[in-house]
Amino acid sequence: MGTSTGSGRLEYQGLDICYMNEQLLNNLIVSAIEASKNSYSPYSKYRVGAALLGTSGRIFTGCNVENASYGATICAELTAVVKAISEGEHKFSALAIHGSSHQPKPNQTYYAYPCGICRQVLSEFAEPDLTVLIVHSENDYLKRTLGELLPDSFGSANLE
Ligand SMILES: [Zn+2]
């Protein structure tokens, strides 16, 4: 469990997600699902939502924002990271991602893994033990770490 701060927020820095408040974890998952509803995805017809938990306890959400010039498309995870960094949050505990087609096939389970670019961007701001939840529904999700998704990565240490 987290410890209360003066602001009433909870801090989870350095704690494994298994110690996290179950309500907070559920909030993160629901936030990712909700964020996907704002997706602008007329080209791929694939909605993605992400919710990034900062160590301050704040949750930053994002969705995919596509563009007619496909290369200008922005992933949901990047939207969330950029929002967080631009608001002063630089350390993260967990990320939840939810993706689904505009017209899902019956009984099809969608697990939207972060793309390679998002894994690299996350590695700039998160440790390999960052928890990544790949969410199909509130009760159906996969749990990975960033290190599992991006082993042997290139990072700032390589440039020192
Ligand atoms: Zn991506």
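**Exercise 1. Strand β3 and its partners**

How many of the 9 residues of strand β3 (residues 46-54) are buried? Determine this, and then work out which strands pair with β3.

*Solution.* The structure is a predicted model, in which local features need pLDDT of at least 70 and side-chain atom pairs count only at pLDDT 80 or more, while totals for chains, interfaces and linings use all residues. Residues are numbered from 1 along each chain as its sequence is written.

Step 1. Take a residue as buried if 20 or more other C-beta atoms lie within 10 Å of its own, as exposed if 12 or fewer do, and as partly exposed in between, with C-beta atoms placed from the backbone. On this criterion 8 of the 9 residues of β3 are buried, and the strand is mostly covered.

Step 2. Helices (H or I, at least four residues) and strands (E, at least two) are DSSP runs, numbered from the N terminus, and two strands pair if DSSP finds at least two bridges between them. β3 is joined to strand β5 (residues 92-101) by 9 bridges, the two running antiparallel, and Arg47 stands opposite Ser100 in β5.

Step 3. With strand β4 (residues 59-63), β3 pairs over 5 bridges, again in the antiparallel sense; Ala51 has Thr61 in β4 as its bridge partner. β3 and β4 form a hairpin with 4 residues between them, and in the turn Gly57 has a positive phi of about 100°.

**Exercise 2. The faces of helix α1**

*Solution.* Step 1. The expected span of a helix is 1.5 Å times one less than its number of residues; the 15 residues of α1 should therefore span 21 Å, and its end C-alpha atoms are 22 Å apart, which agrees.

Step 1. Leu28, Ile29, Ser31, Ala32, Ala35 and Ser36 are the buried residues of α1.

Step 2. An α-helix has 3.6 residues a turn, so residues three or four places apart point the same way. On the other side of α1, Glu22 and Gln23 are exposed.

Step 3. Count two residues as in contact if their C-beta atoms, placed from the backbone, lie within 7 Å. The buried residues of α1 pack against β3, β4, α2 (76-86), β5, β6 (131-137) and β7 (140-145).

**Exercise 3. Ala50 and the core**

Which residues touch the most other members of the largest nonpolar core, and what is Ala50 in contact with beyond its neighbours within four places in sequence?

*Solution.* Step 1. A nonpolar core is a set of buried Ala, Val, Leu, Ile, Met, Phe, Trp, Tyr and Cys residues joined through C-beta atoms within 7 Å. Of the 34 residues in the largest one, Ala50, Leu52, Leu95, Ala96 and Ile97 touch the most other members. At least two residues of this core come from each of α1, β3, β4, α2, β5, α3 (116-125) and β6.

Step 1. Leaving aside those sequence neighbours, the contacts of Ala50 include Ala32, Ala35, Thr61, Ala80 and Leu95.
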